[in-house]
Amino acid sequence: MGDRDAEYRGSCQGLAGRAAEKLKTIGGAGAFGKTTTSYLIASALSAGGRVPGLLTSLGYCDGREIADARWTTPPAHVAAAWLARMVENERTHAVAEISGRGLRESRLAGVDLDCLCVTNWRADEHNTGGAKTRLLDQLTPEGVLVVNVDDAECRNLCDRHDGPVVTIGIDQPAEISASVVERSRCEQTLLLSFGREVVP
């Protein structure tokens with residue numbers, strides 16, 4: 001991507017009134033699990049009394065309107081417009097999927113992430129052109145990095161972020177861990193552990 005393309009993508013946020021700065025913005029990245037993770041995050045935020053907007057491969061939601069998604073991560077001008085609409089509709093948070101293509105094309109340029117959840121990392125999709133560095137650069141200095149330590153490539157991200165890091169995992173030791181109690185074709189029951197707390 002050329003410098004002029006990068007400038008254009010970054011300026012889209014400015015033209016939309018820097019809406020992302022008025023929202024708590026959470027990104028979900030990884031080869032698999034971005035959509036499920038994004039909806040789990042939005043559900044947890046709603047349960048906590050927050051009102052999130054969504055940019056996911058299943059659709060975009062600004063709090064009033066829901067539209068089919070043409071892209072997992074929309075182009076910069078589309079993302080900026082939806083974030084602006086979230087602000088207009090008094091959303092408190094924005095949850096956005098960050099696809100490999102969206103990352104390569106800097107589609108969320110100009111958006112500072114307050115939290116980034118990385119589910120896994122597939123080298124052929126994400127490692128081109130310093131993708132890890134670009135992704136971590138979008139986290140605010142206080143931004144929280146949530147990393148799946150069961151994925152070896154994700155574990156490497158922990159040492160590259162100077163801010164807070166929360167680790168999750170099943171097979172590897174992690175701050176938030178889970179053990180599978182029961183599994184069927186359409187659902188599974190887990191015991192989720194965080195410190196001394198255990199929740200089924």
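Guide: The expected span of a helix is 1.5 Å times one less than its number of residues. Keep that in mind for helix H2, residues 34-47. The model is predicted.

Visitor: What should the 14 residues of helix H2 span, and how far apart are its end C-alpha atoms?

Guide: At 1.5 Å a residue, H2 should span 20 Å. Its end C-alpha atoms are 20 Å apart, so the two values agree.

Visitor: Which residues of H2 are buried?

Guide: They are Lys 34, Thr 35, Thr 37, Ser 38, Ile 41, Ala 42 and Leu 45. Each counts as buried because its relative accessible area is under 20%.

Visitor: How do you know that the buried residues of H2 line one face of the helix?

Guide: Look down the axis of H2. The buried residues fall within an arc of 165°, so they line one face. On the other side, Thr 36, Leu 40, Ala 44 and Ala 47 are exposed.

Visitor: What covers the buried residues of H2?

Guide: The cover includes strand E1 (24-29), strand E2 (52-56), E5 and E6. Just after H2 comes Gly 49, with a positive phi of about 85°.

Visitor: Which members of the largest nonpolar core touch the most other members?

Guide: Leu 55, Leu 83, Ile 98, Leu 116, Trp 121 and Leu 145 do, in a core of 30 residues. Helix H3 (76-88), strand E5 (93-98), strand E6 (113-118), helix H6 (131-137) and strand E7 (139-148) each give two or more residues to this core. H3 gives the most, with five. Apart from this core lies another, of 10 residues, including Leu 45, Leu 54, Val 95 and Cys 117.

Visitor: What is Leu 55 in contact with, leaving aside its neighbours within four places in sequence?

Guide: Its contacts are Tyr 60, Thr 72, Pro 74, Ala 79, Trp 82, Leu 83, Met 86, Val 95, Ala 96 and Glu 97. Two of those names, Tyr 60 and Trp 82, come up again as an aromatic pair.

Visitor: What makes the aromatic pair of Tyr 60 and Trp 82 edge-to-face rather than stacked?

Guide: The ring centres are 5.7 Å apart and the planes stand at 65°. The structure holds one aromatic pair. It links distant parts of the chain: Tyr 60 is in strand E3 (residues 59-61) and Trp 82 is in helix H3, 22 residues apart. Tyr 60 and Trp 82 are both buried.

Visitor: What sits over the ring of Trp 82?

Guide: The charged end of Arg 85 does, 4.0 Å from the ring centre. The limit is 6 Å, so that distance qualifies.

Visitor: Why is Glu 90 called exposed?

Guide: Its relative accessibility is 65%. Exposed means over 50%, so Glu 90 qualifies. Glu 90 lies in the loop between H3 and E5. Its phi is near 60°, a positive value in a residue other than glycine. Most residues other than glycine have a negative phi.

Visitor: Is Ser 106 buried or exposed?

Guide: Ser 106 is buried, with a relative accessible area of 13%. That value is under 20%, so the label holds. Ser 106 is in the loop between helix H4 (100-104) and E6. Its phi is near 50°, again positive in a residue other than glycine.

Visitor: What makes Gly 169 count as buried?

Guide: Its relative accessible area is 9%. The cut-off is under 20%, so Gly 169 is buried. Gly 169 lies in strand E8 (residues 165-169). Asn 148, in strand E7, is buried too, at 16%.

Visitor: How far apart are the C-alpha atoms of Gly 169 and Asn 148?

Guide: They are separated by 5.6 Å, although the residues are 21 apart along the chain. Beyond four places in sequence, Asn 148 touches Val 118, Thr 119, Cys 154, Arg 155, Ile 168 and Gly 169.

Visitor: How many helices and strands has the protein chain?

Guide: Seven helices and 11 strands. Of its 200 residues, 44% count as buried.

How values were computed: Residues numbered from 1 in each chain as written. Predicted model: local features only at pLDDT ≥ 70, side-chain atom pairs only at ≥ 80, totals over all residues. Heavy atoms only, no water. Core = buried A, V, L, I, M, F, W, Y, C linked by side-chain atoms within 4.5 Å. Buried < 20%, exposed > 50% of the residue type's maximum accessible area, 1.4 Å probe, protein only. Helix = DSSP H or I, 4+ residues; strand = E, 2+ residues; numbered from the N terminus. Contact = heavy atoms within 4.5 Å. Phe/Tyr/Trp six-rings, centres within 6.5 Å; stacked < 30°, edge-to-face > 60°. Lys NZ or Arg CZ within 6 Å of the ring centre and 35° of its normal. Arc of directions from axis to C-beta.
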